[in-house]
Amino acid sequence: MKQVNLKIDGKDVTVPADWTVIKACHQNDVDVPHYCYHPDLSIAGNCRICMVGVKGMPRPVVACAQPVAEGMEVSTTGKDVEEARKGVMEFLLINHPLDCPECDQSGECKLQDYSYDHGRDHGRFHEEKVRKSKATMGPHVKYWGSRCIVCTRCVRFTEEVSGGGELGVIYRGDRSEIALFPGKNLDNPLSMNNVDICPVGALVSSDFLFQSRVWHLHSNPSVCADCSVGCNSRVDLDAKNQIKRIVPRQNDAVNKSWMCDHGRLSFDYVHENRLQKPKVHGKDATWKEARRAALDLLSAPGSVALISAWNTNEAMQSIKNFLSSENPSTRIFGYGNTVEADLVFPGFTISGDKNPNCAGMKQVLGIGDANASLKALAAEKDSIGCLLLVNNIPNFQITAELKSILDRSQNVVLLDFATGDLLRYGNVAVALPTLTTFEKSGSFVNRTGLTQTFDAVMEPVTYGMPETEIVAALRGDRVAVGNQR
Amino acid sequence: MSESPLNSPNGAMVPFTPVILKHIHEAGSHTLDHYVARGGYETARTNVGKTEPGSLVKLVEESGLRGRGGAGFPTGKKWSFLAKGTGKPAYLTVNGDESEPGTFKDRHIVEKDPHQLLEGVILTCWAIQSHHAFIYLRGEFILGYERLEAAVREAKARGFIGKKIFDTDFDLKVVVMRGAGAYICGEETGMLSSIEGGRGYPKIKPPFPAVSGVFQCPTIVNNVETIACVSHIVKNGAAWHKQWGTEKSPGFKIFCLSGAVKKPGVYEVPLGITMKEFIEVYGGGMIEGRTLKAVIPGGLSAPLLTPEMVEKCTLDYESLAGLGSMLGSGGITVLHDQVDLMSAIYNTMRFYHHESCGQCTPCREGTGWLEKLAHKFHEGHAHEGDVDLLGDVARNMRGRTICVLADAAAMPMQSYLQLFRGEFEKRVHEPAYTERKRTARDEITPAAKRDTVTQGGPDVLSVGMGMDRI
């Protein structure tokens, strides 16, 4: 791409010729306020807050719709620019209900932010405000019309990214509001992105509504584990170590600014049905007792390890290394959630592979197709000495194939974070509690081959340990047990 | 209608008889037979497929024809900007969404001489090598739509429109579309959005329509009157057109006269005649017992002219621009001395509030605010400081939006404030003023009769053609 040179606030910058002024500013750490502009949507140019001065132009222009040009001199400050922004801020707020105390967006609202930066300290509007409707747009999205600034980000999102075109603008002028087209419902799997991109409190999440004030939350970056896309996410927790919501982080190489509703909402398993403590033959045990019991079983001849594609690269590698020294005859197989067809939208794809680390499994364990590997093991008839089952799949439902494998295993050592089907099925001799992806660090390889690392976003809610630490402890035990012998 | 002798640029006195409106009073003027009998479609027949398209563009450029929709951009120049070699089809879109209050000229062309428009469309399409023309009509023009549709059918039956027109290899499709009642669809890019089937939101320029217009293809947007001029210019030549008017505003134009004059109506006159002459001679002067207070010269959005400015004003683009106003669409509304300006400005603001599309923040919110403030002045509830606030809000709206609707609303407000600030301040200090004024208004036109008054009547509510019923 051809590059052009321009000056932003006196600083020389070089950017590709097809960029707009706002992008050039943002990429060079110059803040330009914006509502309707979104880097992953088309340009609407309707909010008019992003006005900047361009030398040679009679009046400020909107930076989002202004292409860069060679030798251009942009100023993001100055009397003209400030006056224009101040005017727009005032217009935006005259019909706004100013109901911040009861608004979910409060604390992360662009109207609040820019009001501090560019607004007036008092209102000059003493007339009656325009009132607009409230609506339920879909199962996860509600609409507060009066707060809406009609930036049309949501309309463009449904047209350009999710593709359903459910939303449109109705009425004219200051009566304009967002509405569903007749017979449509905002129930597509990407609907909650509309909540994120809404710069004000007009579109809010039904799931997060009135759950917490955002300034009581603390946020940590993570990677979504719900499919092989590996969306970069941000997990918001309250003071009680409870996950309140998950929102996307922008990463143009993976998920742009988007994330599917399923990925945002699947965190209930962190707080429900957890395996709190190690168990030996169904009874609670100490970690030491459980580890020793496991060590005894794992050395049995004809043992098999069955590792799900929900495990991190680190877990897979450490288990593989441990088994090769502990019981080199152990064969390793893989499994995972069933793979469905991808859900393809005009601007986003939700992977049908509902496992985060199939690609990592291939790299670390050399198992290319997890479920084919499971089938191969299920097809065998020989008795299994000890089955080391490393599950970590949330809400896992036991399959017939897995049942047949469990049935012919003399003993099962289970590593899992939940008291699910597997534990109930019966012949689990030792169960060691592990942690969810939110509570441990590690890395996944997504479907494009990109390795993404993540850290724990929260304190563990159980006495569980990450697989790597369990393996390290088992190694330590082996040394101790060996010395005793 | 009297002939108007006037100085042409070369100093000669050239008499003028109407050109475009010449036949509108004749019975059956809207039919093909009538049009052909007076030599219609001959210009198209002799030019399409025979004349070099570029030379037609040059001819129109030489004639100095300027767009009649309001902005007055030179038509030939606009045509020459049409992007070529894009591999995309070029479109002609004719803007007949005439909804500027005080303007009612295109309606007469469409209703009474639609074939004149169609011949202009054929010649323009040949000149810009477009095979597809849209004529976008204001939705309320029901008779106009029926007649234009009928005219297209007749012309198609004769082979003037359609495949291989006039037995040449040139194909031309003409589609007549109706608006759904939005003023903003008369804005050129708003009209393009509407033609595309979208909400009538104006588009960001650049790219200009000549590069990327309707369906992202190169598009020429012209007003109905502009296109109607084309066949006459092609027939008679550029010099013929330039014998009227001034050097920079050559030719003739249709003006719509309404308000407190004896003979309101539609008049076609050479550009450059004096406003005074236009009102006195064509409009028959002020109605009895009234004197001139102000003139809205170019549609409702044009800044006002005071009587002193009217004395100096001539009807051409430069003179009005020099007076801080604009020729616009040629809708001239005359306000008499007893017009309640607060009522007039409130009515004006109500119109723009109602018609703002709501896309850009300053216009969406500002038009409503101006209306509410103007209403306070109208009702006598305004406070100290509201006069300055009006000016501030109007200033914050100007030049800050995608299209010029915000400017169209802010300009009259600013001009009322600039020229008649005293009337606003009177309302702040004398709340009882409103009551007195209302009584006076009822004396002029009793309330019962007021609803039936249309444009041209002496009542103040005629400002903006009965907008208060919207």
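Predicted model: local features only at pLDDT ≥ 70, side-chain atom pairs only at ≥ 80, totals over all residues.
**Exercise 1.** Work out whether Ile165(B) is buried or exposed.

*Solution.* First, count the other C-beta atoms within 10 Å of Ile165(B): there are 24. Next, recall the cut-off: a residue is buried at 20 or more. So Ile165(B) counts as buried, because its count is 24. For context, 57% of the 470 residues in chain B are buried.

**Exercise 2.** Find which residues Ile165(B) touches once neighbours within four places in sequence are set aside.

*Solution.* Go through the contacts in sequence order: Val48(B) and Ile122(B), then Gly159(B), Phe160(B), Phe170(B) and Leu172(B). Now try a C-alpha to C-alpha check against Ala44(B): 121 residues separate it from Ile165(B) in sequence, yet the two are 9.8 Å apart in space. Then zoom out to the chain: of the contacts in chain B between residues at least 6 apart in sequence, 71% join residues at least 24 apart.

**Exercise 3.** Describe the side of chain B that touches chain A.

*Solution.* Begin with the head count: chain B brings 24 residues to the contact and chain A brings 23. Then look at the helices: α14 (341-355), α15 (361-379) and α16 (386-397) of chain B each give at least two residues to that side. The largest share, 9 residues, is from α15(B). Finally, sort this side of chain B by class, which gives 12 polar, 7 nonpolar and 5 charged residues.

Technical notes: Residues numbered from 1 in each chain as written. Chains lettered and ligands numbered in written order. Contact = placed C-beta atoms within 7 Å. Helix = DSSP H or I, 4+ residues; strand = E, 2+ residues; numbered from the N terminus. Nonpolar A, V, L, I, M, F, W, Y, C, P; charged D, E, K, R; others polar. Buried ≥ 20, exposed ≤ 12 C-beta atoms within 10 Å, placed from the backbone.
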